[in-house]
Amino acid sequence: MPTSQLLNLFTLSLLWGGSFLFIGIAVHEIDPLLLVFLRVMIAALVMLSLLPLFKVPLPKDVDTWKKFFVMGLLNNVIPFTFIFYAQTLISVSLASIINAMTPICTFIVLALFKEELLKPNKVIGSLLGVLGVALLSGLTQLALHTDPLGVLLSFLATVSYGFSGLWAKRHLAGRNSIQSATCQLSASSLIMIPVLILTSTEIPDTLPSFSVIASILALAVASTSFAYILFFELISKAGAANAMLVTLLVPISGTLLGISVLNETITLIQVTGGLFIGFGLLVIDGRIFSLLQKK
(Lines give C-alpha, C1' and ligand atoms only; values in the text may rest on other atoms or scores of the structure.)
Protein backbone atom coordinates (compact mmCIF):
# COMPACT_ATOMS: atom_id res chain seq x y z
CA MET A 1 0.00 0.00 0.00
CA PRO A 2 1.15 3.59 -0.63
CA THR A 3 2.22 5.56 2.45
CA SER A 4 -0.92 7.71 2.28
CA GLN A 5 -3.16 4.64 2.46
CA LEU A 6 -1.11 3.12 5.27
CA LEU A 7 -1.71 6.36 7.17
CA ASN A 8 -5.44 6.05 6.44
CA LEU A 9 -5.35 2.45 7.68
CA PHE A 10 -3.76 3.39 11.01
CA THR A 11 -6.06 6.41 11.39
CA LEU A 12 -9.10 4.20 10.84
CA SER A 13 -7.85 1.70 13.40
CA LEU A 14 -7.55 4.53 15.94
CA LEU A 15 -11.05 5.79 15.13
CA TRP A 16 -12.64 2.35 15.46
CA GLY A 17 -10.45 1.36 18.40
CA GLY A 18 -11.32 4.70 19.98
CA SER A 19 -15.03 3.96 19.61
CA PHE A 20 -14.72 1.32 22.35
CA LEU A 21 -13.07 3.90 24.60
CA PHE A 22 -15.80 6.47 23.91
CA ILE A 23 -18.48 3.86 24.60
CA GLY A 24 -16.72 2.81 27.82
CA ILE A 25 -16.82 6.40 29.05
CA ALA A 26 -20.37 7.24 27.93
CA VAL A 27 -22.22 4.12 29.20
CA HIS A 28 -21.51 5.15 32.79
CA GLU A 29 -23.96 8.05 32.46
CA ILE A 30 -26.08 7.31 29.37
CA ASP A 31 -28.43 4.34 28.88
CA PRO A 32 -27.01 2.05 26.16
CA LEU A 33 -30.16 2.31 24.01
CA LEU A 34 -30.12 6.11 24.19
CA LEU A 35 -26.43 6.03 23.32
CA VAL A 36 -27.16 3.91 20.24
CA PHE A 37 -29.73 6.47 19.11
CA LEU A 38 -27.39 9.42 19.69
CA ARG A 39 -24.58 7.72 17.79
CA VAL A 40 -26.59 6.90 14.67
CA MET A 41 -28.66 10.10 14.73
CA ILE A 42 -25.73 12.49 14.99
CA ALA A 43 -23.74 10.47 12.45
CA ALA A 44 -26.72 10.47 10.05
CA LEU A 45 -27.07 14.25 10.32
CA VAL A 46 -23.37 14.67 9.54
CA MET A 47 -23.59 12.35 6.53
CA LEU A 48 -26.76 14.05 5.24
CA SER A 49 -25.02 17.42 5.41
CA LEU A 50 -22.12 16.04 3.39
CA LEU A 51 -24.21 14.51 0.58
CA PRO A 52 -24.26 17.73 -1.52
CA LEU A 53 -20.47 17.89 -1.23
CA PHE A 54 -20.17 14.36 -2.66
CA LYS A 55 -23.00 15.09 -5.14
CA VAL A 56 -24.79 11.93 -4.05
CA PRO A 57 -28.63 11.82 -4.13
CA LEU A 58 -30.84 9.92 -1.73
CA PRO A 59 -32.85 7.02 -3.21
CA LYS A 60 -36.47 7.84 -3.97
CA ASP A 61 -38.08 4.39 -4.19
CA VAL A 62 -39.60 2.61 -1.19
CA ASP A 63 -38.06 -0.78 -2.04
CA THR A 64 -34.53 0.58 -1.76
CA TRP A 65 -35.30 2.20 1.57
CA LYS A 66 -36.71 -1.10 2.87
CA LYS A 67 -33.35 -2.71 2.10
CA PHE A 68 -31.53 0.05 3.95
CA PHE A 69 -33.81 -0.34 6.97
CA VAL A 70 -32.85 -4.03 7.19
CA MET A 71 -29.20 -3.08 6.75
CA GLY A 72 -29.48 -0.45 9.48
CA LEU A 73 -31.00 -3.02 11.81
CA LEU A 74 -28.29 -5.63 11.15
CA ASN A 75 -25.28 -3.34 10.83
CA ASN A 76 -26.09 -0.63 13.39
CA VAL A 77 -29.03 -1.11 15.73
CA ILE A 78 -28.48 -4.73 16.82
CA PRO A 79 -24.65 -4.83 17.02
CA PHE A 80 -24.37 -1.37 18.62
CA THR A 81 -26.95 -2.36 21.24
CA PHE A 82 -25.08 -5.59 22.04
CA ILE A 83 -21.70 -3.83 22.20
CA PHE A 84 -22.95 -0.97 24.37
CA TYR A 85 -24.58 -3.30 26.88
CA ALA A 86 -21.50 -5.54 26.81
CA GLN A 87 -19.32 -2.61 27.78
CA THR A 88 -21.29 -2.13 30.97
CA LEU A 89 -19.95 -5.58 31.90
CA ILE A 90 -16.48 -5.94 30.33
CA SER A 91 -13.46 -3.76 29.64
CA VAL A 92 -12.73 -1.64 26.58
CA SER A 93 -9.79 -3.86 25.63
CA LEU A 94 -11.74 -7.12 25.86
CA ALA A 95 -14.65 -5.70 23.81
CA SER A 96 -12.28 -4.49 21.08
CA ILE A 97 -10.50 -7.86 20.94
CA ILE A 98 -13.76 -9.81 20.50
CA ASN A 99 -14.91 -7.37 17.82
CA ALA A 100 -12.03 -8.63 15.67
CA MET A 101 -14.20 -11.71 15.09
CA THR A 102 -16.35 -9.69 12.66
CA PRO A 103 -14.64 -10.84 9.39
CA ILE A 104 -14.60 -14.42 10.65
CA CYS A 105 -18.30 -14.39 11.48
CA THR A 106 -18.99 -12.75 8.14
CA PHE A 107 -17.24 -15.58 6.33
CA ILE A 108 -19.11 -18.21 8.38
CA VAL A 109 -22.50 -16.62 7.63
CA LEU A 110 -21.69 -16.22 3.91
CA ALA A 111 -20.49 -19.83 3.74
CA LEU A 112 -23.64 -21.14 5.44
CA PHE A 113 -25.75 -19.33 2.86
CA LYS A 114 -23.63 -20.58 -0.09
CA GLU A 115 -22.15 -17.14 -0.82
CA GLU A 116 -18.57 -18.18 0.04
CA LEU A 117 -16.57 -21.27 -0.82
CA LEU A 118 -15.33 -23.40 2.07
CA LYS A 119 -11.63 -22.98 1.34
CA PRO A 120 -9.28 -24.74 3.80
CA ASN A 121 -7.54 -21.55 4.95
CA LYS A 122 -10.86 -19.87 5.71
CA VAL A 123 -12.21 -22.87 7.62
CA ILE A 124 -9.01 -23.16 9.69
CA GLY A 125 -8.94 -19.40 10.30
CA SER A 126 -12.57 -19.45 11.46
CA LEU A 127 -11.87 -22.30 13.87
CA LEU A 128 -8.90 -20.41 15.33
CA GLY A 129 -11.08 -17.34 15.82
CA VAL A 130 -13.85 -19.31 17.53
CA LEU A 131 -11.23 -20.94 19.76
CA GLY A 132 -9.95 -17.49 20.69
CA VAL A 133 -13.42 -16.34 21.74
CA ALA A 134 -13.94 -19.58 23.69
CA LEU A 135 -10.70 -18.93 25.58
CA LEU A 136 -11.71 -15.36 26.32
CA SER A 137 -15.15 -16.43 27.51
CA GLY A 138 -14.24 -19.46 29.62
CA LEU A 139 -10.90 -18.44 31.07
CA THR A 140 -11.80 -14.84 31.86
CA GLN A 141 -14.80 -16.10 33.79
CA LEU A 142 -12.75 -18.61 35.75
CA ALA A 143 -9.60 -16.59 36.35
CA LEU A 144 -10.73 -12.97 36.27
CA HIS A 145 -14.39 -13.25 37.33
CA THR A 146 -15.40 -11.37 34.17
CA ASP A 147 -19.10 -11.55 33.38
CA PRO A 148 -19.44 -14.05 30.49
CA LEU A 149 -22.60 -12.24 29.36
CA GLY A 150 -20.43 -9.31 28.25
CA VAL A 151 -18.31 -11.64 26.13
CA LEU A 152 -21.43 -13.28 24.67
CA LEU A 153 -23.03 -9.93 23.78
CA SER A 154 -19.82 -8.74 22.11
CA PHE A 155 -19.67 -11.96 20.11
CA LEU A 156 -23.34 -11.74 19.10
CA ALA A 157 -22.61 -8.25 17.74
CA THR A 158 -20.05 -9.76 15.35
CA VAL A 159 -22.62 -12.36 14.28
CA SER A 160 -25.05 -9.55 13.44
CA TYR A 161 -22.31 -7.86 11.43
CA GLY A 162 -21.90 -11.15 9.58
CA PHE A 163 -25.58 -11.18 8.58
CA SER A 164 -25.31 -7.54 7.52
CA GLY A 165 -22.50 -8.61 5.19
CA LEU A 166 -24.80 -11.24 3.68
CA TRP A 167 -27.64 -8.73 3.27
CA ALA A 168 -25.33 -6.16 1.68
CA LYS A 169 -23.92 -8.70 -0.76
CA ARG A 170 -27.36 -9.89 -1.85
CA HIS A 171 -29.30 -6.62 -1.89
CA LEU A 172 -27.00 -3.60 -1.82
CA ALA A 173 -23.99 -4.57 -3.93
CA GLY A 174 -22.76 -1.93 -6.35
CA ARG A 175 -24.42 1.01 -4.63
CA ASN A 176 -22.59 4.24 -3.87
CA SER A 177 -20.80 3.76 -0.54
CA ILE A 178 -21.53 7.26 0.78
CA GLN A 179 -25.21 6.83 -0.06
CA SER A 180 -25.25 3.42 1.64
CA ALA A 181 -23.67 4.76 4.82
CA THR A 182 -26.02 7.74 4.95
CA CYS A 183 -29.17 5.73 4.28
CA GLN A 184 -28.44 2.97 6.79
CA LEU A 185 -27.59 5.50 9.52
CA SER A 186 -30.77 7.47 8.74
CA ALA A 187 -32.84 4.28 8.81
CA SER A 188 -31.20 3.21 12.08
CA SER A 189 -32.11 6.56 13.66
CA LEU A 190 -35.77 6.10 12.70
CA ILE A 191 -35.77 2.51 14.02
CA MET A 192 -34.41 3.64 17.38
CA ILE A 193 -37.20 6.18 18.02
CA PRO A 194 -39.97 3.58 18.66
CA VAL A 195 -37.42 1.37 20.46
CA LEU A 196 -36.71 4.15 22.95
CA ILE A 197 -40.45 4.79 23.42
CA LEU A 198 -41.42 1.12 23.84
CA THR A 199 -38.59 0.43 26.29
CA SER A 200 -39.24 3.65 28.26
CA THR A 201 -35.54 4.38 28.05
CA GLU A 202 -34.44 6.82 30.71
CA ILE A 203 -33.28 10.23 29.51
CA PRO A 204 -30.98 12.08 31.95
CA ASP A 205 -32.58 14.98 33.84
CA THR A 206 -29.30 16.86 33.93
CA LEU A 207 -26.67 17.51 31.31
CA PRO A 208 -24.03 14.75 31.25
CA SER A 209 -20.44 15.52 32.16
CA PHE A 210 -18.15 17.13 29.61
CA SER A 211 -16.22 13.89 29.10
CA VAL A 212 -19.44 12.03 28.24
CA ILE A 213 -20.64 14.73 25.83
CA ALA A 214 -17.23 14.78 24.16
CA SER A 215 -17.25 10.96 23.94
CA ILE A 216 -20.71 10.91 22.32
CA LEU A 217 -19.69 13.49 19.72
CA ALA A 218 -16.41 11.71 19.03
CA LEU A 219 -18.23 8.37 18.76
CA ALA A 220 -20.78 9.72 16.27
CA VAL A 221 -18.70 12.15 14.21
CA ALA A 222 -15.19 10.67 14.27
CA SER A 223 -15.72 6.95 14.88
CA THR A 224 -18.85 6.66 12.70
CA SER A 225 -19.25 9.35 10.03
CA PHE A 226 -15.60 10.12 9.34
CA ALA A 227 -14.61 6.48 9.81
CA TYR A 228 -17.16 5.35 7.19
CA ILE A 229 -15.78 7.87 4.67
CA LEU A 230 -12.19 6.83 5.44
CA PHE A 231 -13.04 3.12 5.18
CA PHE A 232 -14.69 3.49 1.78
CA GLU A 233 -11.79 5.67 0.61
CA LEU A 234 -9.41 2.92 1.72
CA ILE A 235 -11.40 0.29 -0.16
CA SER A 236 -11.40 2.33 -3.37
CA LYS A 237 -7.70 3.24 -3.22
CA ALA A 238 -6.09 0.19 -1.56
CA GLY A 239 -8.63 -2.57 -2.20
CA ALA A 240 -11.04 -4.43 0.07
CA ALA A 241 -8.43 -7.00 1.17
CA ASN A 242 -6.03 -4.32 2.39
CA ALA A 243 -8.86 -2.36 4.02
CA MET A 244 -9.84 -5.41 6.08
CA LEU A 245 -6.37 -5.40 7.68
CA VAL A 246 -7.81 -2.73 9.97
CA THR A 247 -9.48 -5.53 11.92
CA LEU A 248 -6.03 -6.66 13.06
CA LEU A 249 -5.18 -3.17 14.31
CA VAL A 250 -8.42 -2.19 16.06
CA PRO A 251 -7.91 -4.55 19.06
CA ILE A 252 -4.40 -3.13 19.52
CA SER A 253 -5.52 0.50 19.43
CA GLY A 254 -8.59 -0.26 21.56
CA THR A 255 -6.48 -2.06 24.16
CA LEU A 256 -3.81 0.65 24.28
CA LEU A 257 -6.45 3.37 24.68
CA GLY A 258 -8.17 1.40 27.44
CA ILE A 259 -4.87 1.00 29.28
CA SER A 260 -3.65 4.58 28.82
CA VAL A 261 -6.94 6.45 29.40
CA LEU A 262 -8.97 4.21 31.73
CA ASN A 263 -6.04 2.49 33.46
CA GLU A 264 -7.26 -0.94 32.41
CA THR A 265 -4.96 -3.93 32.72
CA ILE A 266 -4.28 -6.39 29.93
CA THR A 267 -4.00 -10.03 30.95
CA LEU A 268 -2.21 -13.01 29.46
CA ILE A 269 -5.61 -14.60 28.81
CA GLN A 270 -6.71 -11.61 26.73
CA VAL A 271 -3.43 -11.58 24.81
CA THR A 272 -3.70 -15.33 24.12
CA GLY A 273 -7.31 -15.11 22.96
CA GLY A 274 -6.50 -12.05 20.85
CA LEU A 275 -3.57 -13.84 19.22
CA PHE A 276 -5.80 -16.78 18.26
CA ILE A 277 -8.33 -14.39 16.69
CA GLY A 278 -5.57 -12.37 15.00
CA PHE A 279 -3.86 -15.45 13.61
CA GLY A 280 -7.24 -16.71 12.41
CA LEU A 281 -7.72 -13.43 10.51
CA LEU A 282 -4.28 -13.80 8.92
CA VAL A 283 -5.05 -17.37 7.85
CA ILE A 284 -8.40 -16.32 6.34
CA ASP A 285 -6.69 -13.43 4.53
CA GLY A 286 -4.36 -15.97 2.89
CA ARG A 287 -1.44 -13.65 2.15
CA ILE A 288 0.59 -15.17 4.95
CA PHE A 289 0.91 -18.39 2.88
CA SER A 290 2.05 -16.44 -0.18
CA LEU A 291 4.75 -14.76 1.89
CA LEU A 292 5.91 -18.09 3.30
CA GLN A 293 6.08 -19.60 -0.19
CA LYS A 294 8.24 -16.74 -1.43
CA LYS A 295 10.69 -17.35 1.41
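Helices (H or I, at least four residues) and strands (E, at least two) are DSSP runs, numbered from the N terminus. On that basis the chain has 13 helices and zero strands, and along the sequence it reads α-α-α-α-α-α-α-α-α-α-α-α-α. The radius of gyration is 19 Å, close to the 19 Å that the globule rule gives for 295 residues, so the chain is as compact as a globular protein of that length. Here the radius of gyration is taken over C-alpha atoms, and the globule rule is 2.2 Å times the number of residues to the power 0.38.

This is a predicted model, in which local features need pLDDT of at least 70 and side-chain atom pairs count only at pLDDT 80 or more, while totals for chains, interfaces and linings use all residues. Residues are numbered from 1 along each chain as its sequence is written, and side-chain values use heavy atoms, with hydrogens and water left out.

**Overall dimensions and surface**

- Taken along the principal axes, the C-alpha atoms of the chain fill a box of roughly 55 × 45 × 35 Å.
- Buried residues (under 20% relative accessible area, against over 50% for exposed and in between for partly exposed, with a 1.4 Å probe and protein chains only) make up 50% of the 295 residues.
- The accessible surface comes to about 14000 Å², of which 71% belongs to carbon and sulfur atoms; areas come from the Shrake-Rupley method with a 1.4 Å probe, and for residues only the protein chains shown count as cover.
- Contact means heavy atoms within 4.5 Å; among contacts between residues at least 6 apart in sequence, 89% join residues at least 24 apart.

**Charge and cysteines**

- The chain carries 15 positive and 12 negative side chains, and the centres of the two sets lie 18 Å apart.
- For this count, Lys and Arg are positive and Asp and Glu negative, with His and the chain ends not counted; the place of a charge is NZ of Lys, CZ of Arg, CG of Asp or CD of Glu.
- A disulfide is a covalent bond between the sulfur atoms of two cysteines.
- With a disulfide defined as a pair of cysteine sulfur atoms within 2.5 Å, the count comes to zero.
- Cys105 is buried, with a relative accessible area of 5%, and Cys183 also counts as buried, at 0%.

- Thr158 lies in helix 7 (residues 148–171) and is buried at 0% relative accessibility.
- Residues up to four places away in sequence aside, Thr158 touches Ile98, Asn99, Met101, Thr102 and Cys105.
- Ser154 is also placed in helix 7 and counts as buried at 3% relative accessibility.
- Leu172 touches Lys67, Phe68, Met71 and Trp167, not counting residues up to four places away in sequence.
- The C-alpha atoms of Leu172 and Thr272, 100 residues apart along the chain, are separated by 37 Å.

**Ser215 in helix 9**

- Ser215 is found in helix 9 (residues 210–238) and is buried, with a relative accessible area of 4%.
- Apart from neighbours within four places in sequence, Ser215 is in contact with Phe22 and Ile25.
- Between the C-alpha atoms of Ser215 and Gln179, 36 residues apart along the chain, the separation is 26 Å.

**Exposed loop residues**

- His28 occupies the loop between helix 1 (3–26) and helix 2 (32–54) and is exposed at 67% relative accessibility.
- A distance of 35 Å separates the C-alpha atoms of His28 and Leu282, which are 254 residues apart along the chain.
- Lys55, in the loop between helix 2 and helix 3 (62–86), is exposed at 77% relative accessibility.
- The phi angle of Lys55 is near 55°, a positive value in a residue other than glycine.
- Lys114, in the loop between helix 5 (102–112) and helix 6 (120–144), is exposed at 74% relative accessibility.
- Phi of Lys114 is near 60°, again a positive value in a residue other than glycine.
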